[in-house]
2 protein chains.
Amino acid sequence: MNKIAFQGQAGAYSEQALRQHFGEKAEAVGFRRLAAVFGAVESGHVAQAIVPVENSSAGSIFETYDLLSEHKLTIVGEAYLGIKHCLLALAGATRGQLKKVYSHPQALQQCQGYLDKLGVETEPFFDTAGAAAWVAEKQDPALAAIAGKWAAKTYGLAVMAENIQTYAHNTTRFLILSKSPVKTPKGDCKTSILFEARHVPAALYKCLGGFATNGINLTKLESRPSQAGIGRYRFHLDCEGHVDEPALDQALRELQFYTTSLRVLGSYSQAKIPE
Amino acid sequence: MNKIAFQGQAGAYSEQALRQHFGEKAEAVGFRRLAAVFGAVESGHVAQAIVPVENSSAGSIFETYDLLSEHKLTIVGEAYLGIKHCLLALAGATRGQLKKVYSHPQALQQCQGYLDKLGVETEPFFDTAGAAAWVAEKQDPALAAIAGKWAAKTYGLAVMAENIQTYAHNTTRFLILSKSPVKTPKGDCKTSILFEARHVPAALYKCLGGFATNGINLTKLESRPSQAGIGRYRFHLDCEGHVDEPALDQALRELQFYTTSLRVLGSYSQAKIPE
């Protein structure tokens, strides 16, 4: 069995990342909700899943962080995908005909500069690929979608404009999830940790001390509100190294002293960030 | 002149927060985009603005953080609003008639549990108040919106269900923005700082050292991707105290040594978090 889950419908950026990471032979299974993707891994319906966790323009994807904390899955890898938003419309449609552009609110925001110049109305959609499917279904040359090339191919739409996002460097980081850890990863590793700090003065500073004094580089620190109320947080921390290495092991022992909960989500091979 | 800008249309939670903070006499001016709200303060079109910065369930509002870094406004206050999502429909409409619920994707997500039980289709909208206005305009008893009581009052809709969000404690923190600092705030203060760390080992740990050793409590630390690419961040830090106090002044001097840029966004009176 080589079923891999992703969030979205056919043509989504997540499906493109899945193909890039797992190749053509994997069977891609799309779910409308991220929670269902986590559930599919947990139930054994799929072998693994690929979920977006951070975009270089829009920032962290909160829902993924929250689901990581709610479910007991293991992070077994990471992958990066360069996001190149395209304006997709019916073949033969012209820019002058365009009246309305559909897409995910985040994609609309990332292309705001381009859309302002185009002077069209925008309308939010649950996902970019769904917007492309909608435009293909409506067969109206006044409608367009912002989505990836992969969606244009999936739904037979024409690419009217390419790479229309305001910031050229638009990269999404994905995590690969599995029910149980895989065998020791290769090369340089990264480790993801989830913790809640004890209520002591300078708590976060103390929590980071073990990493600083054992020479462990942090690559990401994200705080998420604890459901206990505003002003209470849990922390998602990514750092270099594998939990089996003595320096990281020591850093985690020191961290534990200052936390009320601590969970290692996984150690996995570092992926290369695309240029 | 007492014009105050907010993002959204009449009936928005932001307008409700504005009324709560500034009272009935202020002239509320709504803008569709947050960027326009910042622009209105900058140009002097309005005296101040109130913008959402964090929600206890959904987390930080990235767009606000990014606009704070792009514009040179001063934070002169904060305010909290308890968010109580309601299901709004036409007067006389019954639950059995409902087919589709419109709202902002974040509100739909916060009420997911309730909506799943209701078994209706959901559709994203730019904002909660806009969804309420749409339902009022359509005059179709099969449609409903998730929005606040304030929106029900504004658009003459009936409240079918109240407080339908999954987590009872749903609070949004707002910032009050002005073009220039106001006179010394009263009572306990908070200070907001924006910085980029130097590229040195354990940079963030070193940046936080001045706060830890000078007894300054952090209330929030948010990292936002720098447009330079994935893995590069700027930090938004909130702490207790006023920049004029010696301990915070010393902490900032120590912080400055480890930063490539540092800006104090404002010192302002702490607001009380609602129960």
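Which handedness does the crossing of α8(A) and α9(A) have? The crossing of these two helices is right-handed. The views below all come from a predicted model.

**View 1. Helices α8 and α9 of chain A cross at roughly 165°.** Helix α8(A) spans residues 203–213, and helix α9(A) spans residues 246–257. Their axes come within 8 Å. Angles over 145 degrees count as roughly antiparallel, so α8(A) is roughly antiparallel to α9(A). The crossing is right-handed.

**View 2. Residues where α8(A) meets α9(A).** From α8(A), the contact uses A:Cys207, A:Gly209, A:Gly210 and A:Phe211. From α9(A), it uses A:Gln250, A:Ala251, A:Glu254 and A:Leu255. Sorted by class, this contact holds four nonpolar, three polar and one charged residues.

**View 3. An open sheet of four strands in chain B.** The strand order is β13-β14-β12-β15, with antiparallel pairing. Strands β13 (218–225) and β15 (259–269) of chain B stand at the edges. Each has a single partner strand, so one side of each lacks a neighbour in the sheet. From one strand to the next, the twist averages 15°.

**View 4. The pairing of β12 with β15 in chain B.** Strand β12(B) covers residues 189–197. Nine bridges join β12(B) to β15(B), and the two run antiparallel. Look for B:Leu194: B:Arg263 of β15(B) stands opposite.

**View 5. The contact between chain B and chain A.** Chain B contributes 28 residues, and chain A contributes 28 residues. On the chain B side, β11 (171–178), α8 (203–213) and β13 each supply at least two residues. Which element of chain B gives the most to the side that touches chain A? Strand β13(B) does, with six residues. By class, the side of chain B that touches chain A divides into 16 nonpolar, 10 polar and two charged residues.

Terms used. Residues numbered from 1 in each chain as written. Chains lettered and ligands numbered in written order. Predicted model: local features only at pLDDT ≥ 70, side-chain atom pairs only at ≥ 80, totals over all residues. Axes fitted to C-alpha atoms, helices over the stretch in contact; angles between N-to-C directions. Parallel < 35°, antiparallel > 145°, perpendicular 65-115°, else oblique. Left-handed = near helix turned anticlockwise from the far one by under 90°. Contact = placed C-beta atoms within 7 Å. Nonpolar A, V, L, I, M, F, W, Y, C, P; charged D, E, K, R; others polar. Pairing = 2+ DSSP bridges.
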